Structure formats: structure tokens, C-alpha cells
Amino acid sequence: MRNLIRIFDNENGSVLAAFILILSLLVMIGFASVDLSNTEVTTSGNEVAYKQNVFNAEAAVVENAHRLSQTTPEEIMDTTSYQWLNEPTDLPQPDDIVNPENWTDAFSQVAVTPDSRFITCSEGIAPGTSLDMSHSQVRSFSIYGQCRRESGLSTVRIGVLRAF
């Protein structure tokens with residue numbers, strides 16, 4: 001019994017045990033920090049890719065809005081004149097604009113920005129406008145831009161009103 005008490009009263013090596021405990025705690029904190037920094041780098045990379053995709057899709061929309069503003073009313077009324085000008089019912093999947101079937105060469109056009117395409121859908125006469133034939137008609141259009149890359153997909157939609 002005395003030998004057992006003597007072993008517990010012996011403090012030789014207690015500094016070594018405390019050092020190993022503190023060292024193992026610091027190693028765990030180091031591994032957690034490395035894991036956290038890897039997660040932060042991945043998150044910031046994803047955010048950059050997302051912003052690039054959104055900006056490219058937005059650029060495609062603005063490019064098409066400019067084309068629409070330069071198009072004559074007669075050409076707009078004849079939806080067969082331009083590949084990028086569609087009736088919503090012409091699209092293969094009109095209720096799901098993100099569906100890849102809507103973004104084929106038959107219904108969309110490649111934009112100047114990389115990996116981007118755009119679609120314009122004529123929505124008809126804008127709600128709330130006059131139907132009086134002696135006045136200008138205001139027509140409504142939905143313009144969709146999409147950027148698809150390995151890093152993801154972004155789709156942007158704007159509404160445009162055009163009087164003629």
C-alpha cells in the first residue's frame with residue numbers, strides 16, 4: 001500500500017506529461033485551422049466563379065436588349081426573322097427556362113461574352129397599356145441570359161418594354 005502511495009506522490013515526469021498534453025492540444029488547433037482555411041479558400045473560389053457567371057449572363061442580357069432596341073418593329077412582329085426572338089410557347093420547355101433543351105442553337109444565340117447565350121421571348125402587348133390602334137403599342141419582352149461553365153450555371157432575366 002505504501003508503494004502505491006509513493007508512486008502517486010512521485011512528480012518526476014509531470015512536466016513531460018503536461019508538455020505532451022499542451023502539444024497535442026496545439027496540434028489539434030493547427031489541424032482545425034488548416035481545415036478552416038481550406039474551406040475558406042474553396043468558398044471564395046466558388047464566389048468568384050458565381051460572380052463571373054452572373055456577370056457574363058447579365059452581359060448577354062444587355063447585349064440582347066441592345067439588339068432588340070436596334071431591331072425595327074416590322075422585324076419584331078415577324079418572329080421568324082430572328083432566331084433569338086421567340087414566342088414563349090415555341091420553347092421546348094416553356095415552364096422551365098433553365099432546362100438545357102431551351103438553350104440549343106434552335107432557340108437561343110451565342111453571346112459575345114464567353115460561355116453565354118441569350119433568348120428573347122415576346123410577351124405580347126404590355127399589361128396596362130392602351131389597346132387603342134391610333135396610339136403606339138407597348139410590347140413586353142422577357143430577355144434571358146445564361147452562362148454555363150464547369151463551375152456552375154447562372155441565368156438572368158430582365159423585362160423590356162418597347163413602344164412602336
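Start with the side chain of Ser 116: a polar contact links it to the side chain of Thr 113, at 3.1 Å. This is a predicted model, so keep that in mind throughout.

Where does Ser 116 lie? In strand E3, which runs over 116-125.

Buried or exposed? Ser 116 has a relative accessible area of 1%. The cut-off for buried is under 20%, so Ser 116 counts as buried.

Now, what surrounds it? Set aside the neighbours within four places in sequence. Ser 116 is then in contact with Asn 56, Ala 57 and Ala 60, with Gln 109, Val 110 and Ala 111, and with Gln 146 and Cys 147.

Move to Asp 115. This residue sits in the loop between strand E2, 109-110, and strand E3. Its relative accessibility is 48%, so Asp 115 is partly exposed. Look at the backbone too. Phi of Asp 115 is near 55°, a positive value in a residue that is not glycine. Most residues other than glycine have a negative phi.

Finally, the whole chain. How many helices and strands are there? The protein chain has 3 helices and 5 strands. From the N terminus, the order is α-α-α-β-β-β-β-β. The chain has 164 residues, and 29% of them count as buried. Its accessible surface comes to about 11,000 Å², with 60% belonging to carbon and sulfur atoms. Take contacts between residues at least 6 apart in sequence: 53% of them join residues at least 24 apart.

Notes
Residues numbered from 1 in each chain as written. Predicted model: local features only at pLDDT ≥ 70, side-chain atom pairs only at ≥ 80, totals over all residues. Heavy atoms only, no water. Helix = DSSP H or I, 4+ residues; strand = E, 2+ residues; numbered from the N terminus. Buried < 20%, exposed > 50% of the residue type's maximum accessible area, 1.4 Å probe, protein only. Contact = heavy atoms within 4.5 Å. Areas by Shrake-Rupley, 256 points an atom, 1.4 Å probe, with all protein chains shown as cover. Polar contact = N/O pair within 3.5 Å; in protein donor to acceptor, adjacent residues only side chain to side chain.
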